[in-house]
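Thanks for coming, everyone. I'll keep this brief. Have a look at the structure, and then we'll go through some packing.

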Amino acid sequence: MIDMKAFWMATAAAITLAGCTNVPGDMETPAASTARAAEDARVADLLARMSVERKVAQLIQPQINSFTAEDMRRYRFGSYLNGGNGGPYGDEYAEASEWLKLADEMYLASIAPQADGQPTVPTMWGTDAVHGHTNVMKATIFPHNIGLGATRDADLVRRIGEATATEIEVTGIDWNFSPTIAVAQDDRWGRTYESYSEDPKIVAPLGAALVEGLQGRKGDPNRLGAGHVIATAKHFFGDGGTDQGVDQGEVTGDIEKLKKIHAAPYPAAIGAGVEAVMASFNSINGRKMHGNEALLTGVLRNELGFDGLVVGDWNGHGQVAGCTNTDCPQSLLAGLDIYMVPDDWKGLLETTVAQVKDGTIPMPRLDEAVSRVLRVKYRAGLLDEFVQPSGRPNAGQYDLLGSPEHRAIAREAVAKSQVLLKNNGVLPLKSGANILVAGSAADDIAQAAGGWTLTWQGGGDLDNSYFPGATSIWKGLETAAKESGGKATLSADGTYSAKPDVAVVVFGEEPYAEFAGDRKHLGFTDEEGLTLLRKFKAEGVPTVAVFLSGRPMWVNREMNLADAFVASWLPGSEGAGVADVLTGAMPATGKLGFSWPATCDAGPLNGPKGALFAVGYGRALTDTSPTPQLDENCAPLLEGPSRALFESGRLADGVVAFAVKPNVEGVGEYLAQMRGDLTDSGVLVRGYDRNAQEDAREITMRANSRFGLSQTPDTGGAYRITYEVVTRPTAPIKLRVGEDALVDLTQPFAVAHGKGWREMLITDQCAPGLGNRIRFETEAEVTFRIASVVREDVAEGTACSF
């Protein structure tokens, strides 16, 4: 049996690497004891004078687009947030002044005089400023965590935290949902770039450093004062360890072994004084974290000694077995202190009040949760003097957003995060060189910034005009070339009139966030960069490949062609930092925080076995040792064409859609074009516009109904289904594949509910024999949509995924 106390204390030693001096279990000083007594007294006084309704309201966190200042005045929510696509007054591109205006309105509503004698408890605003205050125009955009992990520089990360906190204060916001201290173990996960490393020893000190930057160091009189905001360590725990890297999915394994990886960064964050921890969406061995008392209370509180507040993630409580978004005492009883309930706040508030009054939620547990919220507010100074956000330090100083000082820190971070994987001598770029800069990403700040940038998913229609003051990679190279006596020319498609001395090709992943970035394999499939590198190779032009990505990927083809290859990650708004390394103005010091895959079909890859480059790899500019020719065979990229059953709103020849009458096996009514109201069969199929008119179908299945597709002849292959869940299943729903195989979709559908379009892959690993038909079978009404169903050959042993 592992001695967990000894383990956590040993793990917490990593805190010293981040400059922290306190770890869980430290003895309290006399001064700290006195401060604690004052805190206890203030919290107890407030708690004694609050009604049940006011207490519960402290635990309800809605989003700004679903409630008004008048709602705040009436209900007195303890906190609120802006979602990834939420902005003041419905404008996600609002000026910073509008953010501050809304902060004032909500704050003043929360402290407005009351006739019922309730104590005044100000609200607080939380935001996802995960790589700078990037919901707000003009803010500095720092590299995502995967790039910061490559720097190994805790002091740099601390300074990033300080700059981010200052920019958050400009807009009157109190609380940041950061840092993410996930230990990503499967790079197919769409949030890999939010992780510093696959190694918890790298994650721990960097996460602690960001906490200190955001909040201030423990013992500093200005901690949580001017220039500081409340920090949140997330997501506790296991978010980076889901099977197949499926976001919000299932983590399986021995709990003690899982803790040694995924809980390991938390002692450092707690030792640094983090005031909030966010519960994770994922399940661990079948139990959702938002309802897992053994982990939220037993481990986080009792083993690790965390005394701050635990906040939920976006409707995460609604995924707990037996819960809905408006009814979940299980989460509060398990140890959650704040429900993040973006839109269904009123129903949850009313239900929770009733559950306290009928004894479902004991009053001591309610008081415990409320006291934790009040303690954090006390420590942040919100209970001292009632000062509206616009009257606080840094508020309204809009020149601090994207200030030269903050952009200089970001540029330094970009340079230190670049990882040089190959160099045959073309780097550093020579002074006076004629440089061609190619690739559509070269002058695209949004692509360099990735997800969680102005919008939740980032990218899209965000051209460079949305980033005033920022510098694209191309602009950084243009300036650097000019300063060296040379010149740089932008040519996205690689054409030129005079042959250049060298071509810098910038390419990579399009922006994404969370589950939208989940992948089935790590092969990089976009061929724009590949085509450009082939072109320059044929023309005898030396090349430097600059690869933008949120994870290591299989790019063997591109690496073989390029004379130098740089993993640039998602550098953000200061593209000049890339140019600093390419020109040699800054050394190449970045080291991989993740194993780089040697093959494109890699699953979890952690450690040197199976890696092309191991954690810690990264060349200096002077290292021009040859890179061997790499294997370019990638089965997922070379598979035969998909064979459509249903795609673009049409059934393929030889495919029929059918509905089976409730409780009558084998009696089918057929839908020639996969649409129709089959009331007797309990199925309604309607056209739905996804990307074009009626290119998808919305399917409502009533209780005990059956609906499916049948193919003649049987083309073979796995089933890949693009789907969206409209209503959360309230009873089992299963997919029958062939005659006998049953795949339980209840949990995957529950996770997918409200999350947009996803893919499921059904292989013979979960549906032995496959066969020529699939059939959805449900015990209660459910509505979902299907955009495509195709069959395709996959590598032997490919697992099912959802």
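One term before we start: contact, or touching, means heavy atoms within 4.5 Å. And keep in mind that this is a predicted model.

Take isoleucine 60. Which residues does isoleucine 60 touch, not counting residues up to four places away in sequence? Phe77, Gly78 and Ser79 are on the list.

Now the core. The largest nonpolar core has 115 residues. Ile60 is among those with the most contacts inside it, along with Trp175, Phe236, Phe237 and Tyr266. Helix 8, residues 200-215, supplies the largest share of this core, with nine residues.

Next, a helix pair. Helix 2 covers residues 30-48, and helix 14 covers residues 363-379. Their axes come within 9 Å and cross at roughly 125°. That angle makes helix 2 oblique to helix 14. The crossing is right-handed. On helix 2, the contact residues include Arg36, Glu39, Val43 and Leu47. On helix 14, they include Asp367, Val370, Leu374 and Arg379. What is the make-up of this contact: how many nonpolar, polar and charged residues? Seven are nonpolar, one is polar and seven are charged.

Last stop, proline 636. Proline 636 sits in helix 21, residues 635-638. Leaving aside neighbours within four places in sequence, proline 636 contacts His521, Cys600 and Asp601. Histidine 521 is 115 residues away from proline 636 in sequence. In space, C-alpha to C-alpha, the two are 7.4 Å apart.

Conventions:
Residues are numbered from 1 along each chain as its sequence is written. This is a predicted model: local features need pLDDT of at least 70, side-chain atom pairs count only at pLDDT 80 or more; totals for chains, interfaces and linings use all residues. Side-chain values use heavy atoms; hydrogens and water are left out. A nonpolar core is a set of buried Ala, Val, Leu, Ile, Met, Phe, Trp, Tyr and Cys residues joined through side-chain atoms within 4.5 Å. Buried means under 20% relative accessible area, exposed over 50%, partly exposed in between (1.4 Å probe, protein chains only). Helices (H or I, at least four residues) and strands (E, at least two) are DSSP runs, numbered from the N terminus. Axes are lines fitted to C-alpha atoms, for helices over the stretch in contact, and angles run from 0 to 180 degrees between N-to-C directions. Angles under 35 degrees count as roughly parallel, over 145 as roughly antiparallel, 65 to 115 as roughly perpendicular and the rest as oblique. A crossing is left-handed if the near helix is turned anticlockwise from the far one by less than a right angle, and right-handed if clockwise. Ala, Val, Leu, Ile, Met, Phe, Trp, Tyr, Cys and Pro count as nonpolar, Asp, Glu, Lys and Arg as charged, and the others, Gly among them, as polar.
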